[in-house]
Amino acid sequence: MAASATTGSAVAVFNSAGLSLKKLANFRDVSSPSLVKFPDSFKLQLRSARSFSSGIRAEASTIENIGSEAARNVESPVVVVTGASRGIGKAIALALGKSGCKVLVNYARSSKEAEEVCKEIEASGGQALTFGGDVSKEADVESMIKTAIDAWGTIDVMINNAGVTRDTLLMRMKKSQWQEVIDLNLTGVFLCTQAAAKVMMKRRKGRIINISSVVGLVGNVGQANYSAAKAGVIGFTKTVAKEYSSRNITVNAVAPGFIASDMTSKLGADFEKKILEAIPLGRYGQPEEVAGLVKFLALNPAAAYITGQVLSIDGGVAM
Ligand SMILES: NC(=O)c1ccc[n+]([C@@H]2O[C@H](COP(=O)([O-])OP(=O)(O)OC[C@H]3O[C@@H](n4cnc5c(N)ncnc54)[C@H](OP(=O)(O)O)[C@@H]3O)[C@@H](O)[C@H]2O)c1
């Protein structure tokens, strides 16, 4: 297990670089979701609704006061990304780190790659630290969450991305192949979500994003273990979204289709040809495209009202 913290303040970097209004709005929401700045058109709608409901009146007056308060509350959101040394997790960590978040980059074995991700975030003015640990193990998850808290005091966004495949037809699938995939892809999501939600609950804010898969929606030959785990993540996401909605914690799943990564590079040429034929957009997705959607769910004020959803990003495979 390795952990290394870095120094520097994303806020200071932004100030010196001239923080754009767009970026300010992005951060405002996660660091203080109750201080969301709504677009002017939305403010107007709320104002005109005042006479109809005292509840709305109270909400509108809160919204009108947020401008100056929010400006004082600009903090870099703390994000934990599991499996961030490679592929989709790496793209997510980079996208959020370069947006000014403090990012814990988790990995299982690839310490060098994880360090590279941190360096790239730091080079862009952000903060990051690596944490080597197996997120299917409770002790490692506890230690990972503690590392983030010790370094940055809280967790605003939890991204459950780490995953493995152990593909084979059901008739040949060993119990160990089943169990390994369930342990990481489903139990790992449970452990990390439970640990992060405990922190978020106290502060009554947070966003949890679980990386599921299109095969959790439609199934796939040779992936009974993987599709069961990914479908489990969807049910889990909806339940946790319901349980934590009153705490202002949103929980959503992202279901990528075939994305170019180490995971998909192992597929043979014949299989790859078949896959491409089944993708309406005729190409693999890129990790950065998934990262863009995750970044929206993690930081954008407009995502504050999205919870319990499964957002597909699959080139049209499941429609
Ligand atoms: N690629 C796709 O087409 C696709 C499609 C749908 C969904 N997904 C999902 O997207 C996520 C990322 O996939 P990917 O394609 O980017 O995978 P990848 O390139 O194989 O990367 C997997 C990441 O998970 C980490 N990891 C593996 N075992 C771990 C463990 N026990 N504890 C902590 N981290 C662990 C790896 O760390 P090390 O480098 O240290 O091994 C690596 O950072 C997965 O949940 C996957 O199921 C992928």
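Two residues are in contact if their C-beta atoms, placed from the backbone, lie within 7 Å. This is a predicted model: local features need pLDDT of at least 70, side-chain atom pairs count only at pLDDT 80 or more, and totals for chains, interfaces and linings use all residues. Numbering runs from 1 along each chain as its sequence is written.

**Exercise 1. The whole chain**

Task: Find what share of the contacts between residues at least 6 apart in sequence join residues at least 24 apart.

Solution:
- In the protein chain, that share is 74%.
- The protein chain holds 13 helices and 8 strands. Helices (H or I, at least four residues) and strands (E, at least two) are DSSP runs, numbered from the N terminus.
- Of the 319 residues, 43% are buried. Buried means 20 or more other C-beta atoms within 10 Å of the residue's own; exposed means 12 or fewer, and partly exposed lies in between, with C-beta atoms placed from the backbone.

**Exercise 2. The annotated residue**

Task: Locate Tyr 226 and decide why it counts as buried.

Solution:
- Start with the record. UniProt, in an unreviewed entry, places the feature "active site" at Tyr 226. Such positions follow the numbering used here, feature names are shortened, and annotations may be inferred rather than shown by experiment.
- Tyr 226 sits in helix H10, residues 224-244.
- Tyr 226 is buried because it has 26 C-beta neighbours inside 10 Å.
- Leaving out residues up to four places away in sequence, Tyr 226 touches Thr 165, Asp 167, Val 181, Asn 185 and Val 215.

**Exercise 3. Strand E2 and its partners**

Task: Work out which strands pair with E2 in the parallel sense.

Solution:
- Strands pair if DSSP finds at least two bridges between them.
- E2 (residues 78-81) is covered on both faces. Val 78 and Val 80 are buried on one side, Val 79 and Val 81 on the other.
- Strand E3 (residues 102-107) pairs with E2 over 4 parallel bridges. Val 81 stands opposite Val 105 there.
- From E2 the chain passes through helix H5 (residues 87-98) to E3, a right-handed β-α-β crossover. Right-handed means a clockwise path from the first strand over the helix to the second, with the strands pointing away from the viewer.
- Strand E5 (residues 157-160) pairs with E2 over 3 parallel bridges. Met 158 in E5 is the bridge partner of Val 80.

**Exercise 4. The ligand shell**

Task: Count the residues that surround the ligand and name the closest.

Solution:
- The shell has 31 residues (C-beta atom, placed from the backbone, within 6 Å).
- Closest are Gly 83, Gly 87, Ser 110, Gly 163 and Ser 261.
- H5, E3 and helix H11 (262-265) each give two or more residues to the shell.
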